[in-house]
Amino acid sequence: VQLQASGGGLVQPGESLRLSCEASGINFSIHAMNWYRQAPGGQRDLVATITSGGSTNYVDSVKGRFTISRDNVRRMLYLHMNSLKPEDTAVYYCNTVTRGSNFWGQGTQVTVSS
């Protein structure tokens, strides 16, 4: 299983970014997919989840600003982030659980700063 995340960068507060995660080595369409983030000195926290059927769930701090989506044909996972805040600064990881194990992408840095 390989998860390749991309799309991070440096943005100002209020701006937007779209993160992408390309999956290989799994039957992508049948797996729930997740985005986590880890701020400097912090733990890795769940941000958003999308099930195989497309149902979504978000941590309260990003509700109304972030949207998780997936393209099962292209085997891609996305995180659309709007109205970014400095507290969103973190390394963002895509994740899935399959065959009883957690699999992680390499992480992509998002920095929100004026």
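Student: Which backbone oxygen does the side chain of Thr 89 reach?

Tutor: A polar contact is a pair of N or O atoms within 3.5 Å; within protein, one must be able to donate a hydrogen and the other to accept it, and residues adjacent in sequence count only if both atoms are side-chain atoms. Here the side chain of Thr 89 reaches the backbone oxygen of Pro 86 at 2.9 Å. The Thr 89 side chain also reaches the backbone nitrogen of Val 112, at 2.9 Å. Keep in mind that this is a predicted model: local features need pLDDT of at least 70, side-chain atom pairs count only at pLDDT 80 or more, and totals for chains, interfaces and linings use all residues. Residues are numbered from 1 along each chain as its sequence is written, and side-chain values use heavy atoms, with hydrogens and water left out.

Student: Where is Thr 89 placed?

Tutor: Start with the naming: helices (H or I, at least four residues) and strands (E, at least two) are DSSP runs, numbered from the N terminus. Thr 89 sits in the loop between β8 (76-81) and β9 (90-98).

Student: Is Thr 89 buried or exposed?

Tutor: Buried means under 20% relative accessible area, exposed over 50%, and partly exposed in between (1.4 Å probe, protein chains only). Thr 89 counts as buried because its relative accessibility is 19%.

Student: Which residues does Thr 89 touch, not counting residues up to four places away in sequence?

Tutor: Contact means heavy atoms within 4.5 Å. By that rule Thr 89 touches Ala 39, Pro 40, Gln 109, Val 110, Thr 111 and Val 112.

Student: How many disulfides does a search of the whole structure find?

Tutor: A disulfide is a pair of cysteine sulfur atoms within 2.5 Å. The search finds one, and it joins Cys 21 to Cys 94, with S to S at 2.1 Å. This pair links distant parts of the chain, 73 residues apart: Cys 21 is in strand β3 (residues 17-24) and Cys 94 in strand β9. The link of Cys 21 and Cys 94 is right-handed, with 70° about the S-S bond. Both Cys 21 and Cys 94 are buried.

Student: What about phi in Arg 75?

Tutor: Most residues other than glycine have a negative phi. Arg 75 is not a glycine, yet has a positive phi of about 60°. You'll find Arg 75 in the loop between β7 (66-71) and β8, and at 28% relative accessibility Arg 75 counts as partly exposed.

Student: And what is phi of Arg 99 near?

Tutor: Phi of Arg 99 is near 55°, again a positive value in a residue other than glycine. Look for Arg 99 in the loop between β9 and β10 (101-104). Arg 99 counts as exposed because its relative accessibility is 63%.
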